Amino acid sequence: MTENKLTRALRQAVRLRAKGCCEYCLSQEKFATQSFSIDHIIPTSKEGKTELDNLALACQGCNNFKYDKVEGIDRLTEDKVPLYNPRKEEWQTHFAWDKSYTQIVGLTPTGRATIEELKLNRSGLINLRQILYAMDEHPPNRNGNN
């Protein structure tokens with residue numbers, strides 16, 4: 001099917017829009033040990049389309065943990081809620097940084113479920129965030145960097 005083909009132009013548009021950051025955990029591609037992927041926010045297995053409005057740049061960790069998930073459990077309320085959709089929602093609505101800028105805190109049921117499902121506070125990410133924060137490279141856009 002041509003409509004589900006991820007073209008070079010589409011990949012480039014997703015990367016440019018994301019400004020080199022994973023759209024879930026905000027990791028910066030320039031510091032990653034693995035190439036970032038183009039994620040289908042609504043997976044093709046759930047009838048998601050390969051079009052710009054359904055694509056996000058994702059680090060390998062977030063992409064692997066998300067897989068084909070679109071919902072998760074908010075451990076605070078035990079409700080099943082939709083995962084964060086970077087095309088329809090603002091990151092700051094659902095997430096914030098803790099005081100050390102090493103861990104992402106969920107502000108909403110969607111934020112908390114996304115942190116849990118995608119493991120946004122993986123130990124490797126926390127370690128990298130500590131180092132990058134000390135180098136004034138984290139969080140992205142703190143001083144115009146990324």
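Helices (H or I, at least four residues) and strands (E, at least two) are DSSP runs, numbered from the N terminus. What you're looking at is a predicted model, where local features need pLDDT of at least 70, side-chain atom pairs count only at pLDDT 80 or more, and totals for chains, interfaces and linings use all residues. Residues are numbered from 1 along each chain as its sequence is written, and side-chain values use heavy atoms, leaving out hydrogens and water.

Let's start with helix H4, residues 109–118. Seven of its 10 residues are buried (under 20% relative accessible area, with a 1.4 Å probe and protein chains only; exposed is over 50%, partly exposed in between), so H4 is largely enclosed by the rest of the structure. Among the buried ones are Ile115 and Leu118. The buried residues of H4 pack against several elements, including helix H2 (60–66) and strand S3 (71–73).

Now for the rings. Rings of Phe, Tyr and Trp (its six-membered ring) pair if their centres lie within 6.5 Å; planes under 30 degrees apart count as stacked, over 60 as edge-to-face and the rest as tilted. That rule gives five aromatic pairs here. One of them joins Tyr24 and Tyr84 edge-to-face, at 6.3 Å centre to centre and 85° between the planes. These two tyrosines sit 60 residues apart in the chain, and both are buried. Trp91 and Trp97 make a tilted pair, 5.6 Å centre to centre with 35° between the planes. Trp91 counts as buried because its relative accessibility is 9%. Tyr24, Tyr84, Trp91, Phe95 and Trp97 form one aromatic cluster.

Terms used. Contact means heavy atoms within 4.5 Å.
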